[in-house]
Amino acid sequence: MTINGRAYIAGAYEHPTRKAPDKTVAQLHAESAAGALADAGLTKDDVDGYFCAGDAPGLGPLAMADYMNLRLRHLDSTDIGGASYIAHVAHAAEAIAMGKCSVALITLAGRPRSAGHSGTAARPVIADAPDSAWETPFGPTTVNLYALCARRHMHEFGTTSEQLAWIKVAASHHAQHNPNAMLRDVVSVADVVASPIVADPLHRLDCCVVSDGGGALVVVRPEIARSLKRPLVRVMGAGEAHKGQLGGEVDLTYSAARHSGPAAFAEAGVTPADIKYASIYDSFTITVLMQLEDLGFCEKGQGGRFVADGNLIAGSGRLPFNTDGGGLCNNHPANRGGITKVIEAVRQLRGEAHPALQVRNCDLAVATGIGGLLGSRHGAATLVLGRE
Amino acid sequence: MTRITLRDGDWPDPPASPEAAPFVEAAREGRFLLRRCTACGKAHWYPRALCPFCLGETAWEEASGNGTIYSFTVLTREDPVRTVAYVTLAEGPTMLTSLVECDAQALAIGQPVRLVFARSRNGTPVPCFRPADPSASPRS
């Protein structure tokens, strides 16, 4: 059994807003859904499967399904943080392959910028989460748990702040071409390492933006995809995994993408060397570095050398990544970057990326993400997509 | 030099939990407990009623309070400046904690540390660590 070729991404839409103080989260979800359905050439009434995660207001998928007045026969609100929407594409393909739905809608939206929620603020304490009794005093703040990984990576492999900075530099080179990007100025390695420390060794410019916004995807049966007027973007392979503290056998040198990546490549029947474009979840620069290693784009510990000297910049680097500017410069709606990773991969595969950044003959792409807290408990999802 | 203090009485309160209650009780008497599986014999962190390696039954035991720094971050934007760290205990498990009563610039991965209990705002003991080598922890 495989999902390879059993489903296609027919619609993709990134909400253009980056600040929406006068809109509701539900409204942003629905506006994103409308955009993706229009992109696909489908309507609300074609949707029979709906996927969302914890950013959707209300209980699981129920409030949003009601807000949009959908008529569903398949619902899924799997939540593995910002990686959820990458997993949702795989889950939608599984459901389609099993005949459980034909047109699956995936939405994400949020307004953390207007609400003042960022990765430097303490996360709300979930009193009955089993780790809360032990970790609440230390403040489960997002950036801190990523900084612990960066420090250990530097210790084990000699990775430097300058190498991490190259990831932001590459993202900024791409964001200059995106009129919707929050940060459009090209930055240098010196700019990144001179920016204020947030949680050492991570600087302000090692962190993603905080933005309002949303995005949506439409995944459909092959026969429906072929009946539409959009380029065919095939779901070829997927993997998902999670990693925690392993009962105390903590090892911060790798992420759960070590498992999700190879599973996705194997199902697609391709290797990292075949990939023309990569969307890599970039909550922080270290998140990108770890995933590049864990997906096998370079050996473990060599990520710093791999990303240096502009190797991720489209047109000149070996592996063009996040050509929309990514979470680091463009958009990180709801503090969850997974859906924008899939959207930009779809743009590249369709040939609809910015002309200055469009990868030539882009017929194979990967979208991968880390959700939750890299240094304590996180989920990973990887998707291999191809153009037919 | 950035001096990191114990912040005694100023840590956010951990939610009370039946699985943590005996730990808290012992900590009030200055004893540091961890939990070990009675079936497979492995110690783990954070403490659980069921072993995370085999789902066997576990029991409390007193730990040495000795460890080494696995990783750390200094949060210079916070006032007072504090740290978040993973410390590997002499008994094996690595735990999320904070390094206190130290000079931020003198911290290093691999450095020996020793348990010290600080108190949260409601007086609950919070297991922190300070450098075991007194020369790395100058008195202010």
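**The sheet and its strands**

Modeller: In chain A, nine strands form an open sheet with mixed pairing, in the order β3-β2-β4-β7-β1-β8-β11-β10-β9. Strands are DSSP runs of E, at least two residues, and helices are runs of H or I, at least four, numbered from the N terminus; two strands pair if DSSP finds at least two bridges between them.
Colleague: Why is one side of β3 and β9 of chain A left without a neighbour?
Modeller: β3 (74-76) and β9 (277-280) of chain A stand at the edges with a single partner strand each, so one side of each has no neighbour in the sheet.
Colleague: Before we go on, what should I know about the model?
Modeller: The model is predicted; local features need pLDDT of at least 70 and side-chain atom pairs count only at pLDDT 80 or more, while totals for chains, interfaces and linings use all residues. Residues are numbered from 1 along each chain as its sequence is written, and chains are lettered from A and ligands numbered from 1 in the order in which they are written.
Colleague: How do β9(A) and β10(A) run?
Modeller: They run parallel, joined by four bridges, and A:A278 stands opposite A:V366 in β10(A).
Colleague: And in which sense do β10(A) and β11(A) pair?
Modeller: That pairing is antiparallel, over nine bridges. A hairpin of five residues joins β10(A) to β11(A), and A:G369 stands opposite A:A381 in β11(A).
Colleague: Is β10(A) mostly covered or exposed?
Modeller: β10(A) is mostly covered, as nine of its nine residues are buried (20 or more other C-beta atoms within 10 Å of the residue's own, with C-beta atoms placed from the backbone).

Technical notes:
Buried ≥ 20, exposed ≤ 12 C-beta atoms within 10 Å, placed from the backbone.
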